[in-house]
Amino acid sequence: MNFALTEEQLAVRDAAREFAQTELLTGVIERDEKQQFPAEQIKKMGELGFMGMMVDPKYNGGGMDTVSYVLAMEEISKVDASCSVAMSVNNSLVCWGLEKFGTEEQKQKYLTKLATGEIIGAFCLSEPEAGSDATSQRTTAEDKGDHYLLNGTKNWITNGNSASVYIVIAQTDIEKRHRGINALIVEKGAEGFTVGPKENKLGIRGSDTHSLMFQDVKVPKENRIGEDGFGFSMAMQVLNGGRIGIASQALGIASGALELALNYSKERKSFGKAICEHQGIQFKLSEMATNIEAARMLCLQAATKKDNKEDFVKEAAMAKLFASKVAMETTVEAVQVHGGYGFVKEFHVERLMRDAKITQIYEGTSEIQKIVIAREILK
């Protein structure tokens with residue numbers, strides 16, 4: 001059991017931290033207030049290799065391990081969760097899914113550009129009536145011989161208006177239930193494909209969240225990922241890896257809040273001494289730090305299992321369940337440590353608290369994680 005990080009992993013972590021502190025911190029409050037998509041920042045993230053970290057270098061990726069990805073996600077998320085969710089979706093859902101299950105033609109056409117951040121991708125599973133129950137797909141992909149005819153609506157889509165490539169999960173044969181679902185690559189600008197208004201959200205307000213509408217969109221057969229009926233299986237496998245990304249995002253939000261609370265507690269004085277010298281504040285900080293360290297270990301364990309090509313379903317679900325809970329609890333306490341200033345935007349912690357909530361909801365709610373864990377431990 002070796003808890004030491006390699007020199008390469010430490011270098012990735014340090015590079016991500018420097019980028020977050022120098023490039024993302026400036027303007028993050030304004031982007032949140034204006035719901036401004038961080039296009040310029042994400043482009044720079046692509047140039048630095050953060051948008052295709054685990055992709056094979058032959059497809060222009062970084063060829064890094066999942067542990068490095070967790071470290072980078074944590075540092076980016078400490079500052080701007082809107083950037084990190086775009087990074088997570090592109091890495092965990094789109095790039096990984098294409099590299100693992102796509103054809104060589106699909107990889108050359110799409111993955112090579114996605115891995116560099118030249119373009120970004122979106123993963124389209126959720127629907128108005130198919131959230132946690134992902135088998136109830138109402139979006140249909142009618143088989144027309146050499147193409148599919150796509151009809152339906154997807155919602156809560158990250159990178160919804162900014163993506164160039166969309167992986168859309170749709171039902172082809174309803175009688176086969178989940179075995180009749182396909183995953184199709186749809187390009188932005190396809191006839192009949194429209195993007196709805198941006199959602200006005202509690203947190204991750206810079207993130208580009210939209211509904212997508214498909215009306216008789218023709219999708220060539222060569223844009224199907226995997227065999228006919230493989231779409232649901234692909235989506236579930238992709239989401240297993242995605243949970244590591246979101247767990248790391250939650251970890252970063254929590255650790256960013258702790259850093260702010262620690263710094264503030266050393267500067268703020270009450271009753272003649274810094275508030276960090278008061279036992280009540282010390283208890284808060286110590287519990288926050290302990291929970292964050294436990295969440296970090298869960299994230300790294302899931303990442304290590306994935307890198308070792310071991311079954312990581314249970315570990316990823318545990319990491320997401322616990323890290324998202326820690327993110328909520330830690331950010332609430334960070335606001336409390338700041339007192340009245342915690343309620344003010346310029347001190348950042350109120351934004352982290354708002355951002356934390358979504359980590360308990362997207363890419364599988366906390367309730368779904370508990371179901372996944374229960375299934376695994378009862379096997």
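**Ground rules.** I'm working with a predicted model, where local features need pLDDT of at least 70 and side-chain atom pairs count only at pLDDT 80 or more, while totals for chains, interfaces and linings use all residues. Residues are numbered from 1 along each chain as its sequence is written, and side-chain values use heavy atoms, with hydrogens and water left out.

**Counting.** I looked for salt bridges (a side-chain nitrogen of Lys or Arg within 4 Å of a carboxyl oxygen of Asp or Glu). I got 25 of them.

**Glutamate 259 and arginine 17.** Their side chains form a salt bridge, 3.3 Å from N to O. I found glutamate 259 in helix α7 (residues 231-267) and arginine 17 in helix α1 (residues 7-24), 242 residues apart. Helices here are DSSP runs (H or I, at least four residues), numbered from the N terminus. Then I checked accessibility: buried means under 20% relative accessible area, exposed over 50%, partly exposed in between (1.4 Å probe, protein chains only). Glutamate 259 is partly exposed at 26%, and arginine 17 is partly exposed at 32%.

**Glutamate 74 and arginine 296.** Here the closest N and O atoms of the salt bridge are 2.6 Å apart. This pair links distant parts of the chain too: glutamate 74 sits in helix α4 (residues 66-79) and arginine 296 in helix α8 (residues 279-307), 222 residues apart. Glutamate 74 is buried at 4%, and arginine 296 is buried at 18%.

**Lysine 379 and glutamate 376.** I noted a salt bridge of 3.1 Å, N to O. Lysine 379 is exposed at 75%, but glutamate 376 is buried at 19%.

Notes: Helix = DSSP H or I, 4+ residues; strand = E, 2+ residues; numbered from the N terminus.
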